[in-house]
Amino acid sequence: MLRRRQLRPGDTWHLDEVFIKINGEQRYLWRAVDQDGNVLDILVQERRDKVAARRFLRRLLKKTGAVPRVIVTDKLRSYGAAHREVMPSVEHRQSNFRPRRHLIPVSDYQAEMTVRLAIWEQITGVAGLPTAP
């Protein structure tokens, strides 16, 4: 039996969550990527609290089978609380993921956002689907 070889994740993981609506109800899509942009995991949950963050971190560690050197998150406090419980030895950095729009030309910002949208569509499987007229 052939098995697909899983890529070894990098040592810096970026964690983020976004609001989405599924059947009219708000949910949170948690995602993790390494420094090379490889998607490590995606999880949809109803909550955005410490319990949800802890569940996501534990699932991420189990799925990858690796422990990162650094995790980078936004300033959501749930990450800090869960980080201290699940992987206290890992360095935790909090920063803003968005490009600093006021510091770059509009054309560069638009190009960056177009690339990010294309990557997101590819990850979620939306790319290549027919659009409704």
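**A close look at Asp-34**

Mentor: Happy to. The side chain of Asp-34 comes to 3.0 Å from the backbone nitrogen of Gly-10, and one of its polar atoms lies 2.9 Å from the backbone nitrogen of Asn-38. A polar contact here is a pair of N or O atoms within 3.5 Å; within protein, one must be able to donate a hydrogen and the other to accept it, and residues adjacent in sequence count only if both atoms are side-chain atoms.

A word on the source: this is a predicted model, where local features need pLDDT of at least 70 and side-chain atom pairs count only at pLDDT 80 or more, while totals for chains, interfaces and linings use all residues. Residues are numbered from 1 along each chain as its sequence is written, and side-chain values use heavy atoms, with hydrogens and water left out.

Asp-34 is found in strand S2; helices (H or I, at least four residues) and strands (E, at least two) are DSSP runs, numbered from the N terminus. With a relative accessible area of 3%, Asp-34 is buried (buried is under 20%, exposed over 50%, partly exposed in between, with a 1.4 Å probe and protein chains only). Leaving aside residues up to four places away in sequence, Asp-34 touches Pro-9, Gly-10, Thr-12, Trp-13, His-14 and Leu-40, where contact means heavy atoms within 4.5 Å.

Together with Leu-15 and Trp-30, Trp-13 has the most contacts inside the largest nonpolar core, a set of 21 residues. Such a core joins buried Ala, Val, Leu, Ile, Met, Phe, Trp, Tyr and Cys residues through side-chain atoms within 4.5 Å. At least two residues of this core come from each of S1, S2, strand S3 (39-45), H1 and H2, and H1 gives the largest share, six residues.

Helix H2 (residues 77-86) has seven of its ten residues buried, so it is largely enclosed by the rest of the structure. The buried ones are Ser-78, Tyr-79, Gly-80, Ala-81, Ala-82, His-83 and Val-86. Their cover includes strand S1 (12-22), strand S2 (25-34), helix H1 (50-64), strand S4 (70-73) and strand S5 (91-94).

Finally, look at the loop between S1 and S2, where Asn-23 lies. Although Asn-23 is not a glycine, its phi is positive, about 50 degrees.
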